[in-house]
Amino acid sequence: MKPVRTLIVDDSASMRATLKRMLSADPDIEVVGMAPEPFAARDMIKALNPDVLTLDVEMPGMDGLSFLERIMRLRPMPVVMCSTLTARGAEVTIEALRLGAVDYVTKPSGSPDDIERDAGLLCEKVKSAARSVARAGPQRLPAQPSVASAGGGGVAAQLIAIGSSTGGVEALFSLLPALPEDSPPILIVQHMPATFTRSFAQRLNAECRVNVVEATDGAQVTPGTVYIAPGGERHMELQGGANGRIKLIAGNPVTGHRPSVDVLFRSVSKLGAGAVGVILTGMGSDGAQGLLEMRRAGARTLGQTKETCVVWGMPRAAKEAGAVEKEVGLSAMPEAILKACRETVKVGSA
């Protein structure tokens, strides 16, 4: 496998040097150039044809978002954003992911041990980005009919659970605005830091007919509301059935994550045929075993197709585990979810 040819774009000379040192320590990555601003980066992209771009969020001349929008419109390629863990950094990074950036990393800082730890994560994300599928800007899916008026037989599912990771922000910005305001309650685990989830929920809420909130401990789930698991130190579970409450619980990472999709899915599996499980784009295997438990309990389970994933990791693991009843492309996912909500499946059919 050839090294991943990477171009660093950052207005800080010291940050460029730090990122180059971190990336160059991995033999599978080659830093082919460094640009101090987008106009120089544009010329270097043409000359060097890199596999992956690391892009600063805020730069002089042209900000990172404007440059990203041009890249995704004119020459889609894998981009990893370098962000700060601030409210402003969270808002801009979420917009970058909506525009088509594959992933993001927080800017390295702190002690040499912290930077060494961050280096491993940065390198993994750059290599994962090189294997991803770049998208030409955000997708807009058509609005879907309501659960109540769309017809069909069967007993409507009482709750929807969704898990996603790399590429999931863009996917959720496409999927959720297409769902009707009378959708069943929707619980989501999207892997991201605690600083980001509130801004993510607020941005989604501005674009959706359903109400989107960051989940809080003890909140009662209600139809027409989407609950985003807060990033950080706790997992999210459903307790007390479809009309129950959200429980945020402390615990070790599960499948490498906290909150974990597996933990959410396992708690929702108690609803049996009263739930629909959906696994979207993401790196790794989080959610595969939990989705399998949902399917075995009688829930309908959907996995995003390889062709429409940014990273076909989580849906692939779930498919190989036998957890996915049906694979669905992103554009068809809203209607597939609503159809699954109107149907039941015999317990034990998986």
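What percentage of the 350 residues in the chain do buried residues make up? And within that setting, where is I160 placed, and which residues does I160 touch?

A: The model is predicted, and in it buried residues make up 56% of the 350 residues in the chain. The secondary structure comprises 11 helices and 14 strands, and of the contacts with a separation of 6 or more, 73% are between residues 24 or more positions apart. The accessible surface of the chain is about 13900 Å², with 50% of that area belonging to carbon and sulfur atoms.

Turning to the part in question, I160 lies in strand β6, which spans residues 159-164. I160 counts as buried because its relative accessibility is 1%, the cut-off for that class being under 20%. Leaving aside residues up to four places away in sequence, the residues that I160 touches are P184, P185, I186, L187, V276, V278, I337 and C341. One of these, V278, is 118 residues away from I160 in sequence, yet the C-alpha to C-alpha distance between I160 and V278 is 7.7 Å.

To return to the question of placement, then, I160 belongs to strand β6 and is a buried residue at 1% relative accessibility, and its contacts include P184 and P185 as well as I337 and C341.

Methods:
Residues numbered from 1 in each chain as written. Predicted model: local features only at pLDDT ≥ 70, side-chain atom pairs only at ≥ 80, totals over all residues. Heavy atoms only, no water. Helix = DSSP H or I, 4+ residues; strand = E, 2+ residues; numbered from the N terminus. Buried < 20%, exposed > 50% of the residue type's maximum accessible area, 1.4 Å probe, protein only. Contact = heavy atoms within 4.5 Å. Areas by Shrake-Rupley, 256 points an atom, 1.4 Å probe, with all protein chains shown as cover.
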